[in-house]
Amino acid sequence: MNSTGKPLTVAISSTALFDLTESNDIYVEQGLEAYRRYQIAQEDAILERGDGYYLVEKLLNINKLLEKPRVEIILLSRNSADTGLRVFNSIRAYDLSITRAAFCGGQSPYRYINAFQCDLFLSTYAEDVRQALEQNVAAAQLMGRYRGHNPNRASSELKLAFDGDSVLFSDEAEQIYQSDGLAAFSASEHSQAQEPLGGGPFKAFLAALHELQKEFPEGANPIRTALVTARSAPAHERVIRTLRDWDIRLDESLFLGGMDKTQFLQAFEADIFFDDQSAHCERAADYVATGHVPHGGLMKLQQLRYIWEVAHHDLNVSATAQSLFTSQPGISKQIRLLEDELDVEIFARSGKHLTHVTQVGEEIIAMAGNILRQANAIKQVAQEYSNEKEGSLSIATTHTQARYALPPVIREFRQTYPDVSLHMNQGSPEQISELAASGEVDFAIATEGLELFHDLIMMPCYRWNRAVVVPKDHPLCADSVLTLEALARHPIVTYVFGFTGRSKLDDAFNQAGLTANVVFTATDTDVIKTYVRLGLGVGIEALQKTTRDIPVYDDLMQYRLNILAEHDIKLSAIEAEIDKLDPLPGAKAFLDWARTHFQVAIISDTFYEFAGPLMAKLNQPMLLCHKLDIVDDRIQNYQRFV
């Protein structure tokens, strides 16, 4: 047991514990629903043992030998609880004492590693392992090729073998070797032989394992550890002194000087071997359960992700850590390591607080953003290549496109690709173009604004016809031919500049030597129609005033109330127009979902009376906004929400 008194805790994924190759093939080839049906149909069929099974079995056997709970195994799975029932049935069939689990429904389970206080995490998913390592938890990706042919399998003795640099020890020496070669590495290790190495990702796990070994009497210890490293003399001395400084004993230490480790691992009869070098893992994986530790090396992608996210969270490391489901110290440490490696400061500091991004930091963060976008693009290409009918698609578009042009397209897309998760972002053309340019969405759909971004390619997909909308009794209805000259004589309600052809409209008036009398702009077609029905684009030009004209909001509202009274516009007339509006596609479904999981409130600068028709169509969510004073269907005053 480790020094904190808690049991040695090992988390393992279902794919590492059992062989789920067949069901995973069904998922890749036929999709999520086929996988779910298969797992349910086979839930009473016992799964074959996986790479990590015998390690788990021997770890749990320690509890029997000590006759007390000193080891706990946690199951962390991407399955849902529904499809994961087969896994638990297999656990029961093999009589494994595993009682705690997290089923994450297709999401990565790494978020729960620290919550379970895990000392080690084993998985077949490389990304989950990398995330665990970033949380300072020992983690390894099992290679998935070993099936328990070790002659030591029948023995109760548990044997674990570890590489040194970037596994038990930090990657400081490995970086010198990778950047400057063997001679520089040897010289550095000789000169620093008295200086202990920093701890690697498995130091804490080794220490916990060492504490567990102390529970057994000398000469009857069922746990045996070995260092299997490519180091040789004189680089061995620093390793020995480091372990002595840590007060940790390894049972065997093999300094192989670059020899293939496989035969030595077989001779040791290792139950599992941990190494950061892919080549060593590939050679050993057929003969011993092998865990690849993707740690060490030079600049890491995760470090670039951290500096990018911190810069985009207003330099708030705590908020960044929360959004990434990791720890604040872990992010701070990785940023420091990156700055040390580059020998520059990316962030300026005052004490422990980040104050601003340095000039060189601005350039580095911009380049990091490009690298992260390219990395995501690579992942997406690989995902689409492996299964083109699954994955996710993110698009950005304007409110008008989302409401009028895209619904039938989205419906057909969902019918054709039911397993693709579709995400829609709405905004102005400039906003959605920025999303496309930054890689936050796959593409943008708009009629304006894209030409402002020279790194985007614009492709036509359909024609957008403009129309003039007026009340039935408007003077323009008497004209047999509609001209720009006639339009210019009347107030116009239209889109905010950049929306749905607005700039083309302005160009048309300018080319004719005319000026459009735009009195009101909005970003939504239904809003424009509503104000046309109310007469804003016909005779009540006074209502065009905003806080730019009357800066004090209360003064502006009193001015508007006077205009409404002058024209005898009743609340029922306004509500009738608002009642013709419908919520955006998906708004009701989203709110219904949100209210089953959270307490939901909508905060708005509208008025209860105006919002009533829309709120009724949304099943009356909680609304916090202003309130009107009504007498005989007429608006007399208003009360501000504070």
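## Aromatic pairs

A search of the whole structure finds 15 aromatic pairs; rings of Phe, Tyr and Trp (its six-membered ring) pair if their centres lie within 6.5 Å, with planes under 30 degrees apart counting as stacked, over 60 as edge-to-face and the rest as tilted. F413 and Y417 form a tilted pair, at 5.2 Å centre to centre and with 40° between the planes. F413 is partly exposed because its relative accessibility is 22%, and Y417 is likewise partly exposed, at a relative accessible area of 30%. On this scale, buried means under 20% relative accessible area, exposed means over 50%, and partly exposed lies in between (1.4 Å probe, protein chains only). One aromatic cluster is formed by F18, Y53, Y54 and Y94.

The model is predicted: local features need pLDDT of at least 70, side-chain atom pairs count only at pLDDT 80 or more, and totals for chains, interfaces and linings use all residues. Residues are numbered from 1 along each chain as its sequence is written, and side-chain values use heavy atoms, with hydrogens and water left out.

## Charges over rings

Two residues are described here as lying over a ring face, a term that requires NZ of Lys or CZ of Arg within 6 Å of the ring centre and within 35 degrees of the ring normal. R78 lies over the face of Y125, at 4.3 Å from the ring centre. K159 lies over the face of F268, at 5.4 Å from the ring centre.

K159 belongs to strand β8 (residues 158–162); helices (H or I, at least four residues) and strands (E, at least two) are DSSP runs, numbered from the N terminus. With a relative accessibility of 11%, K159 counts as buried. A polar atom of the K159 side chain also lies 3.1 Å from the backbone oxygen of F268.

## Backbone geometry

Most residues other than glycine have a negative phi, and most peptide bonds are trans. A cis peptide bond, with omega of about 10°, joins A233 and P234. P234 is located in the loop between β9 (223–229) and α10 (236–246).

E67, which is not a glycine, has a positive phi of about 60°. The loop between α4 (53–66) and β4 (71–77) contains E67, and this residue is exposed, with a relative accessible area of 72%. N619 is not a glycine either and has a positive phi of about 65°. N619 is placed in the loop between α26 (608–617) and β21 (622–631); at 41% relative accessibility, N619 counts as partly exposed.

## Helix α8

In helix α8 (residues 182–191), the residues F185, S188 and E189 are buried. Seen down the axis of α8, these buried residues fall within an arc of 95°, so they line one face of the helix; the arc is that of the directions from the helix axis to the C-beta atoms. A183, H190 and S191 are exposed on the other side of α8.

## A parallel sheet

An open sheet is formed by 3 strands in the order β16-β15-β17, with parallel pairing. Its edge strands, β16 (420–426) and β17 (443–445), each pair on one side only. From one strand to the next, the twist averages 30°, with axes taken as lines fitted to C-alpha atoms and angles running from 0 to 180 degrees between N-to-C directions.

Strand β15 (residues 391–397) pairs with β17 in the parallel sense over 3 bridges; two strands pair if DSSP finds at least two bridges between them. Opposite I395 stands F443 in β17.

Notes: A polar contact is a pair of N or O atoms within 3.5 Å; within protein, one must be able to donate a hydrogen and the other to accept it, and residues adjacent in sequence count only if both atoms are side-chain atoms.
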